[in-house]
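Hi everyone, thanks for coming.

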Amino acid sequence: MGLETVFGHSFFTSRVDDAVNWARKYSFFQYPFVTACCGMEFMSVWASTYDIARFGAEFPRFSPRQADVLFVVGTVNEKLAPVLKRVYDQMCEPKWVVSFGVCATSGGFYDNYAVVQGIDKIIPVDIYIPGCPPRPEAVLDALMKLQDKVSKESVLDKKYR
Amino acid sequence: MNQHVTRTIKEKFPEYVTDSHAFRGDETVVIKREALLEVAGYLRDGLGFEFLMDLTAVDYPGREERFEMVYHFFSLSANLRLRLKAPVGGQNPVIASLTPLWSGANWFEREVYDMFGIKFEGHPDLRRILMYDTFEGHPLRRDYPLDKRQPRLPHRD
Ligand code: SF4
């Protein structure tokens with residue numbers, strides 16, 4: 001823009017979207033909705049070896065109202081489905097959902113009377129992580145993919161109005 | 001093994017014991033269902049089986065008495081195990097509850113009721129324990145359709 005030439009180096013110009021998305025994607029507060037064995041692997045993503053803090057997403061919020069990303073980790077059965085829906089509804093926009101492991105993604109091998117065959121039957125999902133359970137690397141990959149996705153969004157997107 | 005427990009039960013209740021067998025020291029006694037409370041009471045107070053480890057049921061659709069209750073007892077004092085079985089049948093399968101003898105039977109029996117629809121006479125609170133209250137049918141019965149779904153929330157698209 002050239003504003004810098006007028007005001008010196010205390011200024012820089014950007015688009016609102018870029019600035020907001022940059023802030024959003026490096027400061028995910030996550031709500032861990034952990035129901036089953038996948039939770040063990042999810043914990044290791046937080047521990048020092050893999051260290052999800054390097055991506056600015058280390059902070060769990062156990063109140064959905066303060067969370068940005070809902071991590072659904074493990075098997076969700078029909079009895080639990082209303083709870084998941086309620087947690088999702090309580091989260092403030094903008095919000096994203098990550099489906100962690102095959103159980104959350106498709107019901108996994110629990111093709112039976114009790115288990116929801118994929119949480120996308122109940123809430124919208126942004127990123128799916130395959131695996132039973134997924135490796136921590138896959139989780140970090142998913143997180144980076146989510147960051148990519150966030151960086152392409154606009155504050156004017158219909159979702160947020 | 002000498003099947004001492006099986007023999008004692010047979011001698012005490014000859015009219016109720018219909019079958020018995022043992023495999024590598026694990027004894028099984030099959031009794032008539034109306035004798036359950038009496039036999040279980042004798043096991044606890046007479047033979048020292050203080051511990052009801054587990055109770056469950058099996059569905060055998062071909063049999064005249066369709067269901068079979070299975071009880072596992074353990075004696076801490078004598079280090080003995082015993083499996084007790086009792087066939088239950090009919091349109092409205094009912095058997096006595098073991099809650100008067102072991103209060104730990106409460107949740108086991110609720111689970112069997114939930115999964116198989118077997119009723120327990122004398123149970124203080126016979127409700128579903130695993131499935132939700134609006135669930136219809138009993139999913140571990142062999143005639144429950146394998147792919148039947150009962151979603152609680154309407155599914156998206
Ligand atoms: S995907 Fe595998 S590890 Fe994860 S909750 Fe399901 S069964 Fe457990």
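Let me begin with a question: how do the residues of the shell around the ligand divide into nonpolar, polar and charged? This is a predicted model, so please keep that in mind as we go. The shell divides into 8 nonpolar residues, 3 polar ones and no charged ones. If you want to click through them, the ligand is surrounded by A:Ala36, A:Cys37, A:Cys38, A:Gly74, A:Thr75, A:Val102, A:Cys103, A:Phe109, A:Gly131, A:Cys132 and A:Pro133.

Now let's turn to where the two chains meet. Here 15 residues of chain A are in contact with 18 residues of chain B. The area buried between chain A and chain B is about 1400 Å², and carbon and sulfur atoms give 57% of that area. On the chain A side, A:Glu78, A:Lys79 and A:Tyr113 lose the most area to chain B, together 53% of what that side buries.

How many salt bridges does the rule find across this interface? The count is 1. B:Arg149 forms a salt bridge with A:Asp111, and the closest N and O atoms are 2.4 Å apart.

On to chain B itself. Its secondary structure comes to 3 helices and 7 strands, and from the N terminus on the order is α-β-β-α-β-β-β-β-α-β. The C-alpha trace of chain B spans about 65 × 30 × 30 Å along its principal axes. Of the 157 residues in chain B, 46% are buried. Taking contacts in chain B between residues at least 6 apart in sequence, 48% join residues at least 24 apart.

I'd like to finish on helix 3 of chain B, residues 105-116. Is this helix mostly covered or mostly uncovered? Mostly covered: 9 of its 12 residues are buried. Among them are B:Ala105, B:Val112, B:Tyr113, B:Met115 and B:Phe116, and also B:Glu109, B:Arg110 and B:Asp114. What covers the buried residues includes strand 3 (51-59), strand 4 (67-75), strand 6 (94-96) and strand 7 (119-121), all of chain B.

The length of helix 3 of chain B checks out too: at 1.5 Å a residue its 12 residues should span 16 Å, and its end C-alpha atoms are 16 Å apart, so the two agree. Just after this helix, B:Gly117 takes a positive phi of about 75°.

How values were computed: Residues are numbered from 1 along each chain as its sequence is written. Chains are lettered from A and ligands numbered from 1 in the order in which they are written. This is a predicted model: local features need pLDDT of at least 70, side-chain atom pairs count only at pLDDT 80 or more; totals for chains, interfaces and linings use all residues. Side-chain values use heavy atoms; hydrogens and water are left out. A residue is near a molecule or strand if one of its heavy atoms lies within 4 Å of it. Ala, Val, Leu, Ile, Met, Phe, Trp, Tyr, Cys and Pro count as nonpolar, Asp, Glu, Lys and Arg as charged, and the others, Gly among them, as polar. Helices (H or I, at least four residues) and strands (E, at least two) are DSSP runs, numbered from the N terminus. The expected span of a helix is 1.5 Å times one less than its number of residues. Buried means under 20% relative accessible area, exposed over 50%, partly exposed in between (1.4 Å probe, protein chains only). Contact means heavy atoms within 4.5 Å. Buried area is the accessible area (1.4 Å probe) that two parts lose on being put together, summed over both. A salt bridge is a side-chain nitrogen of Lys or Arg within 4 Å of a carboxyl oxygen of Asp or Glu.
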